[in-house]
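Dear colleague,

Here is the structure that I promised to hand over, and below it I have set out what was found in it. Please keep it open beside you while you read.

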Amino acid sequence: MARTKAGKKLADDIGRDLDQWQGKLFQKLVQLTPFATGQAQKGWRDVYPASRVAKTGQSRIIIRNDVEYIQRLDEGWSQ
């Protein structure tokens, strides 16, 4: 299917918006992660652009944290 100029511009705009959203989400995740030693906050990784996920239709992890206790923190363990 041929893409029109308007369709390509719309897709580019959506991709840019998704990447901006991802950046804000990443910053919030770091900011809201409890800080004792700093390891959990430092564990966040922006691993794949949301705009590429949208273009390809793939299901991918775009932000991750491999700190072993991140799930417990997410469940309120630090409180």
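**What was found**

D19 lies in helix 1, where helices (H or I, at least four residues) and strands (E, at least two) are DSSP runs numbered from the N terminus. Please bear in mind that this is a predicted model, in which local features need pLDDT of at least 70 and side-chain atom pairs count only at pLDDT 80 or more, while totals for chains, interfaces and linings use all residues. Residues are numbered from 1 along each chain as its sequence is written, and side-chain values use heavy atoms, with hydrogens and water left out.

The mean pLDDT of the chain (the predictor's confidence in each residue, from 0 to 100) is 90, and 96% of the residues reach 70 or more.

Not counting residues up to four places away in sequence, D19 touches P49, A50 and S51, contact meaning heavy atoms within 4.5 Å. A polar atom of the D19 side chain lies 3.4 Å from the backbone nitrogen of A50.

N65, which is found in strand 2 (residues 63-65), is buried, with a relative accessible area of 10%. What does the side chain of N65 reach at 2.8 Å? The answer is the backbone oxygen of A40, and the side chain of N65 also reaches the backbone nitrogen of V67, at 2.9 Å.

T33 sits in the loop between helix 1 and helix 2 (39-42) and is buried, with a relative accessible area of 7%. The side chain of T33 makes a polar contact with the side chain of W44 at 2.8 Å; such a contact is a pair of N or O atoms within 3.5 Å, where within protein one must be able to donate a hydrogen and the other to accept it, and residues adjacent in sequence count only if both atoms are side-chain atoms. Leaving aside neighbours within four places in sequence, T33 is in contact with A40, Q41, W44, I70 and L73, while N65 is in contact with A40, G43, W44 and I70.

Notes: Buried < 20%, exposed > 50% of the residue type's maximum accessible area, 1.4 Å probe, protein only.
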